[in-house]
Amino acid sequence: MDYWYLICSFSWFISAFAFYKIHKIWHKDVTEKDKLYKFQVKVGGFKHWMGIVMFVIMGVIYFFKAIG
């Protein structure tokens, strides 16, 4: 087992969770104060979710590299 990849894997998962929390705070702030147009909120949410999914996929890849 390669511990360096395992540490990186957990770092990717922690990053995904932190980015999810930041997204929730951003979404709450934007929807309560109506700072942006509806389209901008949807695009921003899509970009955030793509980042979260990318972090999770990288975490899974590094986890399997650590095992293999």
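Predicted model: local features only at pLDDT ≥ 70, side-chain atom pairs only at ≥ 80, totals over all residues.
Biologist: Which residues of H2 are buried?

Modeller: The buried ones are Val 41, Gly 44, Gly 45, His 48, Gly 51, Ile 52, Phe 55, Gly 59 and Ala 66.

Biologist: And what do the buried residues of H2 pack against?

Modeller: They pack against H1.

Biologist: Take Phe 55, then. What does Phe 55 touch?

Modeller: Phe 55 sits in helix H2. Setting aside residues up to four places away in sequence, Phe 55 touches Trp 12, Ser 15, Ala 16 and Phe 19.

Biologist: How far is Phe 55 from Lys 42?

Modeller: Their C-alpha atoms are separated by 20 Å, with the two residues 13 apart along the chain.

Biologist: Over to H1. Is His 23 buried or exposed?

Modeller: His 23 belongs to helix H1, which spans residues 3–33. His 23 counts as buried because its relative accessibility is 5%, and the cut-off for buried is under 20%.

Biologist: What is His 23 in contact with?

Modeller: Apart from neighbours within four places in sequence, His 23 contacts Gly 45, His 48, Trp 49 and Ile 52. Of these, Gly 45, His 48 and Ile 52 are among the buried residues of H2.

Biologist: New topic: the surface. Which residues form the nonpolar patch?

Modeller: The patch consists of Met 1, Tyr 3, Phe 10, Phe 13, Ile 14, Val 56, Val 60, Phe 63, Phe 64 and Ile 67, and together they have about 1,000 Å² of accessible area.

Biologist: Where does the largest share of the patch come from?

Modeller: From H2, with five residues.

Biologist: Phe 10 is in that patch. Why does Phe 10 count as partly exposed?

Modeller: Phe 10, in helix H1, has 44% relative accessibility, so it counts as partly exposed. That class lies between the 20% and 50% cut-offs.

Biologist: And what about Ile 61?

Modeller: Ile 61 is in helix H2. At 39% relative accessibility, Ile 61 counts as partly exposed.

Biologist: How far is Ile 61 from Glu 32?

Modeller: The C-alpha atoms are separated by 37 Å, and the residues are 29 apart along the chain.

Methods: Residues numbered from 1 in each chain as written. Heavy atoms only, no water. Helix = DSSP H or I, 4+ residues; strand = E, 2+ residues; numbered from the N terminus. Buried < 20%, exposed > 50% of the residue type's maximum accessible area, 1.4 Å probe, protein only. Contact = heavy atoms within 4.5 Å. Patch = residues over 30% accessible without salt bridge, like charges linked within 9 Å, V, L, I, M, F, W, Y side chains within 5 Å. Areas by Shrake-Rupley, 256 points an atom, 1.4 Å probe, with all protein chains shown as cover. Salt bridge = Lys/Arg side-chain N within 4 Å of Asp/Glu carboxyl O.
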